[in-house]
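Please view the sequence and the structure first.

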Amino acid sequence: MPNQLTISSINVVFSEDEDVTTAKDRPVRPSELEDLGVSKEFLIANEFEGKLQQTLLLSRQEEVVIALGLGDQPLTAADARATAATLWHSTKHLDSLTSSLPLSIAAELGNETALQATVEGLLLASYRFDELKGTPEAEPKLDRINLLVADGVDSETALRKAEAVASAIALSRDLVNRPGGSLSALQLADEAVSVAENTGLEIEIWDKQRLLNERCGGIIGVNAGSLEEPRLVRMTWRPKGESRGTIHFVGKGITFDTGGLNLKTFEGMKEMKIDMGGAAAVIGAMSAIAAYAPDLTVIGTCCCTDNQPSPTATKPGDVLKIRNGKTVEVLNTDAEGRLVLADGLSIAVEDQPDLIVDLATLTGACMVALGQRYAGLMGNNEAAIAKVQTAAALANERVWHLPLPNEYRKQLDSEIADIQNIGSGRFAGALVAGLFLQEFVGESPWVHLDIAGPVTTDENEAEFVKGATGFGVRTLIEIVNNW
Ligand code: BES
Ligand code: MN
Ligand code: ZN
């Protein structure tokens, strides 16, 4: 179980008070200010201007009153989450908290969205990865939170969705934060099995023998140097009634990427526990799907193994046969993500889905191009690309559309196989990887997200804490929601 505040600490209080939503001089109500003996001038003197996420603590005997800035621009759900995260950080040492945040932002966002965003922000900001600490750090004290909402708000639905999303992101963060030695492909698959048991999703796990029988030569080839078995995970949400369509998510699940015989340097290797971030996003998103119960078929496929050097490992120059029959000359064993995804995408294509989205920590080159905040987005279909862009915008996850230039395709031509796994040139590594994947999706509408950058963050900011971000979970949920 991820360590974060649980929904049981949150209590919704219905309020008939109109004053909060209509007061011009937000965020502190004039009547409250008087109670406190605080004037607007006092706030200004204390440099509290009500800017977004600004806070000012005003003590009153046993109580602490906190002024929380909401800025003067219309708030988005993402702003509300960030504001709630600020609220968490400035109050987590207290016994209990009563906040009108959901009520104050309801006029702009709508009641349910305001409540859901507030709760998500509180839960996510409290996330900690401490399962490997020998001596646990002290728990934050705050475990009673009252949130004021307008009378008649459907708080149950809002809380249920908030909990589903926050738990999905926490799960994804836990999986990414877990070191390679603590998360084998088998353990990653077991996590997906627990998700399925708790949510009622269908699940199928392919072990090594099954992967061999199913001709998944990419996954088998990457796994060849490992002492651990590979796993392919397939999770399915099937609607009760008729299905309006099929969406297939595919995740790269390299539990640790040493590079294989093309061994990485220590600098390159030390963070490679994150190389299953795509699979973590898919498993996380699938865990939240049941809470939204879409009338769509949603499938999540994760291709899981570590990538190790060994006398049995795939050697540079070896040729692998992918599930769809194409042969690949492996000229660099460190370009392994595309090999396992080739099998995953071949499988996805077989159900003729309306959309395939793959997520992968695929290339360092994408980080060079776009940095740590932006995922690279590539695809073969304008409408599919637009859908994923819209979902990402709603999710407040940054993606940037990169091209898949036909002119570069010939860099992947192999002398002895159908295709080689690295380009012949030095440049455009993210695009060449995208072009490689494109060979395995046929005519299906497909979008590729290279999440090597945003899978982690170096900063504590808004509802994000240093380490894994859970990037992708929200975008996948929004794709399903807005279909
Ligand atoms: N998992 C890495 C990509 C990566 C690098 C993710 C840094 C996150 C941070 C991937 O398997 C890899 O090694 N890619 C190579 C490809 C190259 C050999 C064509 C890379 O980016 O150097
Ligand atoms: Mn690699
Ligand atoms: Zn990798």
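The donors of the manganese ion (ligand 2) are spaced along the chain as D-x76-D-x1-E. This is a predicted model, in which local features need pLDDT of at least 70, side-chain atom pairs count only at pLDDT 80 or more, and totals for chains, interfaces and linings use all residues. Residues are numbered from 1 along each chain as its sequence is written, chains are lettered from A and ligands numbered from 1 in the order in which they are written, and side-chain values use heavy atoms, with hydrogens and water left out.

**Manganese ion (ligand 2)**

- Asp257 (OD), Asp334 (O), Asp334 (OD) and Glu336 (OE) coordinate the manganese ion (ligand 2) at 2.1 to 2.2 Å; donors are N, O and S atoms within 2.8 Å of the metal (3.2 Å for Na, K and Ca), and sites may look incomplete because water is not among the atoms.
- The arrangement is irregular because the six donor atoms around the manganese ion (ligand 2) subtend angles of 72 to 170°.
- Four donors count as tetrahedral if all angles lie between 85 and 135 degrees; four count as square planar and six as octahedral if opposite donors are over 155 degrees apart and all others between 65 and 115; anything else is irregular.

**Zinc ion (ligand 3)**

- The zinc ion (ligand 3) is coordinated at 1.9 to 2.5 Å by Lys252 (NZ), Asp257 (OD), Asp275 (OD) and Glu336 (OE).
- The site of the zinc ion (ligand 3) is octahedral, with angles of 78 to 174° among its six donor atoms.
- Along the chain, the donors of the zinc ion (ligand 3) follow the spacing K-x4-D-x17-D-x60-E.
- Asp257 coordinates both the zinc ion (ligand 3) and the manganese ion (ligand 2), which are 3.1 Å apart.

- Asp257 is buried, at 3% relative accessible area; buried means under 20%, exposed over 50%, and partly exposed in between (1.4 Å probe, protein chains only).
- Asp275 is buried at 2% relative accessibility, and Glu336 is buried at 1%.
- Asp334 is partly exposed, with a relative accessible area of 21%.

**Sheet 10-11-15**

- Three strands form an open, mixed sheet in the order 10-11-15; strands (E, at least two residues) are DSSP runs numbered from the N terminus, and two strands pair if DSSP finds at least two bridges between them.
- Strand 10 (319–321) and strand 15 (419–420) are at the edges with a single partner strand each, so one side of each has no neighbour in the sheet.
- Strands 10 and 11 run antiparallel and are joined by three bridges.
- The bridge partner of Lys321 in strand 11 is Thr327.

How values were computed. Helices (H or I, at least four residues) and strands (E, at least two) are DSSP runs, numbered from the N terminus.
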